[in-house]
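User: I have a protein model open and would like to go through it piece by piece. Can you start with what the terms mean?
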Amino acid sequence: MTPLAWADADLRDAPEAALAEWLANLQVAPLDIARGEMVQAGLARTGEARHTLALSVHAWVGDRGSLQHLFDQIATAFADEHAFDAAEVFPYARFVTWRQDLLDGEDAAEGRAYWQRYLAQAAALTPPRLVGRQAAASQQTARVRADESVDATFLSRIAACADTLGAQPDALLQAVWWLLLARLDGTGRFIAGWQHDCRRDYPPMQGAVGVFDKALPLIVETAPETRFADWFDNVDGTLAAHVEAQEYWAVEAPPIAAHLAVGFACHERPRRHGVDRQWQLAALPGPLPNFELALQVAWDADGAALSVHADAARHSEVAAQRLLMQYLCLLDAIVERPDTVLGALPLVGPRERELLLQSQEAVADVGAQTVTQRIAHWVAETPDAPALEAGEQRLSYRELDQRTARVAHWLQGQGVTPGAIVALNLPRALDLPVAILSVWRAGAAYLPLDPDWPEARRAAVLADAKPVFTIDAALPDASAQPEAQAASHITAPSDLAYVLYTSGSTGTPKGVAVEQGQLQNYVAAASAAMQLDTCRRWALTSSVAADLGNTALFGAFHNGACLVVAAPHEAKDAEAFACFMRAHAIDALKIVPSHLEALLESAAPCLPRTLVLGGEAAPRALVERIARLAPQCAIYNHYGPTEATVGVMVHAAEPGAPVPEQLPLTRVLANNRVRVLDASRGLVPAGGLGEVYIGGAQLCRGYLNRANADVFVADPFHAGERLYRTGDLAWVLPEGGLRLAGRADHQVKVHGYRVEPAEVEAALLARPGVRQAVVLAVPDAAGATTLAAFFVGDGEGVDGRALREQLAAVLPAHMVPASCTAVSAFARLPNGKIDRLALAASAPAEAPQRVIAAPRDALEALLADGMATLLGSGPVGVEDDFFELGGHSLQVIKLVARIRKLLQVEVAAGVVFDHPTPAALAAVLREASADAIALEQLAQTHRQRDLADESVGEAA
């Protein structure tokens, strides 16, 4: 047997790197316990009278404390061989025997029962949820580390506070670590691990060498309103109970592993030996390596060393540094005020405050030219360059200028004056951008209306905005208009640019008023952040009634590029969209992720060189799919509410890098401020969750004809400035940036439109016979957000299908619930509020049963199966209406793509809207087919293949 391996080297005058390499080489070949290799040592001469001794002990025979004790014993023996008596060292064999006697003793049953009871409480618990943690672990074992020092003065304050609380300093230090993780986790309850060295509890074992460390599980529970002193008393009591039962914890086979995700270890600092302390311990191992993240504290009378150790595949060094920064801030506050409630203790100190403020705002010179002034620049510089295309219509910058001048003159003749509002009830076509620019040229602001809105919605918006004029259906023939005689209005930054109506929490839509200067800052800042000046051909595929399309609309004109307006069918059909992208050589697109996903259901999808995703979260699967289809495509994640002028944050997806579950937002557009604040409007620390507030150059003027006190608040960090309270929740990423996490209220995004369910609820409550109503956001089969309505009716005469039809007459399509379900009563929480989760879970049981008509042939069966797959809600009968079952326009795009692929027939999306049942759709397809028999045979072939695949799946 070889109990000791030895290495020797002469590294006199060698650089530190050489010494480090030598030390690393000592650990290249792991110790072989089967051969008796338990300890490895190496001695390097690093000077005439200076040496470095390296010790390595196999984890089965020694721990961190053992290495420290070996060092003490070697140093003592070297200084005075008679001062060290090996016989006084407690032998590990005696500990093993004693522990076995305990396990066989009369108290063993009670000790095991203690852990069984404790683990029963921990069975369903998970580690704390930390936003900086990476989802995928690598096979590497690299660690990251962050270090801070605590001086003797602060340490004495810690000891005094612990004494006041009736506990030891290490218990206080541990409790503060758990409280920090609980505050960042947000759930208030998780499982953790305490690395405890039992030699500290048994004086005879001091100096022993062996395995004495244990990772004891610890349940952490917090409530924001609890005083720290009271909460700490419970924690300290649990630690004491753990110590009493520690020898009954199954070290060799822990029943759970979740407690190893986060840990805590506390040790005394090693002593220095000899005259002038010539023996100094350079380094010791960190916490147990099976901890994914742990805080280690080592202290003596001179102070303490704090270090956060983490798995480099899961946590970054920056994240570890921020944790340590927050820990010291929290510790200082607790030592100062231990009676403070947990939720009021600060996590953000001066250092982190400065970092947060720097990362959440950006300042840059973006120029002072408004969009109209930029267009005038391109008219002078590149008059013949293409500016606007739609179908066969094309305008150069010179022609665009001439046409807008004539239309502006015509508008002035209709009574339009500077500062007025002009409503635009125009389809998405060439006239629409011309009308917008003409309204500005006349000095007015535009109010976009969507031609697809129900008349009631349009009337409500017009009644609130009171425009002086409405352009309905089309512009007048510009060639018949005289050339403008009067000078065009020169836009000023303070001029109103447009008014957009968004969903309102009161049940009434509200108009967001955006000024020219705010729009100018957005276009210039977005162009710089996303390199939009390289984009020459933008596609406009969305309605301008929401500001999603403004990135393309004004991004093109600001940069002298061409805006290509897609016809309605080209944005609703996957094959038509791909043809549009190729035919017009589109190199830039702004689109809602779920819309794009549907449009990719083409035999040969086409993607641009620059892709901006906005309006809703961009899922990982879509980003990975885009990367496979078009590796050269630059993908930008974009965020911002209408009140902050289109968007204020972006993130460029890194080519070839792993895609996170949800794309973050890492860059604030120039001259904007994005704050994540808590309920007291204080800064949320890195790793924490809070509400997003926005201020700066793009913050809108306010709401038209409404007071703004509730959502526009004073900026606590910039005197005299405003912030907009978005209602969006976000995690603050340690490396900088945000990750969105839903809504503080119940507002949601549906197909890129912001929807306040309260507005839909108000429309429901206005229907005869509806006494109560709740609208929830739920995922459809593809994971996209849709709306589900639940109502309590006045008697049995209220029908959910009829209600949905009534809502479709007064609400835009994206606000019409996919289903309206009658319930007898709403489940309630103890506080009296509606239990929305329970309501959604119980709704299917109370939903009326429908008769499912079976298909009569293979074509009907294929269409019914396709609809059922998209809806994800069970079988679809041949007489069932796809839209009444919850289908929407994006799913129609996928259904049409499926029909084309399987049946090799051309079908427009409008056909599905006009014939929404499998039976009706099958009839139309037969009529349009040159060979109905062949069509049925093809459907039969695919149907049999599907059934065979299902059989194989069931057998597997």
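Analyst: Two strands pair if DSSP finds at least two bridges between them. Helices (H or I, at least four residues) and strands (E, at least two) are DSSP runs, numbered from the N terminus. This is a predicted model, where local features need pLDDT of at least 70 and side-chain atom pairs count only at pLDDT 80 or more, while totals for chains, interfaces and linings use all residues. Residues are numbered from 1 along each chain as its sequence is written, and side-chain values use heavy atoms, with hydrogens and water left out.

User: OK. In what sense do strand 33 and strand 34 pair, and over how many bridges?
Analyst: Strand 33 (residues 785-793) runs parallel to strand 34, with four bridges between them. Within strand 34, Cys 820 is the residue opposite Ala 789.

User: What sheet are they in, and in which order do the strands come?
Analyst: An open sheet of three strands, ordered 32-33-34, with mixed pairing. Strand 32 (770-779) and strand 34 (819-822) are the edge strands, each pairing on one side only. From one strand to the next, the twist averages 25 degrees.

User: Which strands does helix 19 touch?
Analyst: Helix 19 (residues 757-765) packs on the sheet and touches strand 32 and strand 33, where contact means heavy atoms within 4.5 Å. The direction of helix 19 makes about 145 degrees with that of strand 32. For these angles, axes are lines fitted to C-alpha atoms, for helices over the stretch in contact, and angles run from 0 to 180 degrees between N-to-C directions.

User: And where does helix 20 lie?
Analyst: Helix 20 (residues 800-808) lies across strand 32, strand 33 and strand 34, and runs at about 140 degrees to strand 34.

User: Let's zoom out. How many helices and strands does the chain have?
Analyst: The chain has 26 helices and 34 strands. Of its 956 residues, 52% count as buried. Buried means under 20% relative accessible area, exposed over 50%, and partly exposed in between (1.4 Å probe, protein chains only).

User: Which sheet has nine strands?
Analyst: That one is open too, with mixed pairing, in the order 11-10-18-17-19-20-21-22-23. Strand 11 (393-396) and strand 23 (667-668) stand at its edges with a single partner strand each, so one side of each has no neighbour in the sheet. Inside the order, strand 17 (residues 537-540) and strand 18 (residues 562-565) run parallel and are joined by four bridges. Trp 538 stands opposite Leu 563 in strand 18.

User: What about helix 15, how many of its residues are buried?
Analyst: Nine of the nine residues of helix 15 (residues 550-558) are buried, so the helix is largely enclosed by the rest of the structure. Among them are Asn 550, Phe 554 and His 558. Gly 560 follows helix 15 and has a positive phi, near 70 degrees.

User: Why is strand 24 called largely enclosed?
Analyst: Because six of the six residues of strand 24 (residues 672-677) are buried. On one side these are Asn 672, Val 674 and Val 676, and on the other Arg 673, Arg 675 and Leu 677. Strand 24 pairs with strand 25 (residues 689-696) in the antiparallel sense over six bridges, and Leu 677 stands opposite Glu 691 there.

User: Now strand 7. Which strands does it pair with?
Analyst: Strand 5 (residues 189-197) pairs with strand 7 in the parallel sense over three bridges. Strand 8 (residues 293-300) is also parallel to strand 7, over seven bridges. Six of the seven residues of strand 7 (residues 262-268) are buried, so this strand too is largely enclosed by the rest of the structure.

User: New topic: how many cavities are there?
Analyst: There are six cavities of 30 Å³ or more. On a 1 Å grid over the protein atoms alone, a cavity is a set of points where a 1.4 Å probe fits but cannot get out, and lining residues have an atom within 4 Å of a point. Grid points are joined across faces, edges and corners, and a volume is the space filled by probe spheres set on the points.

User: What lines the largest one?
Analyst: The largest cavity holds about 110 Å³ of space and is lined by 14 residues, with Leu 130, Gly 132, Ala 319, Leu 323 and Pro 734 nearest its centre. Helix 8 (residues 317-336) gives the most to this lining, with four residues.

Notes: On a 1 Å grid over the protein atoms alone, a cavity is a set of points where a 1.4 Å probe fits but cannot get out, and a pocket is an open set with protein on both sides within 12 Å along at least five of seven lines; lining residues have an atom within 4 Å of a point.
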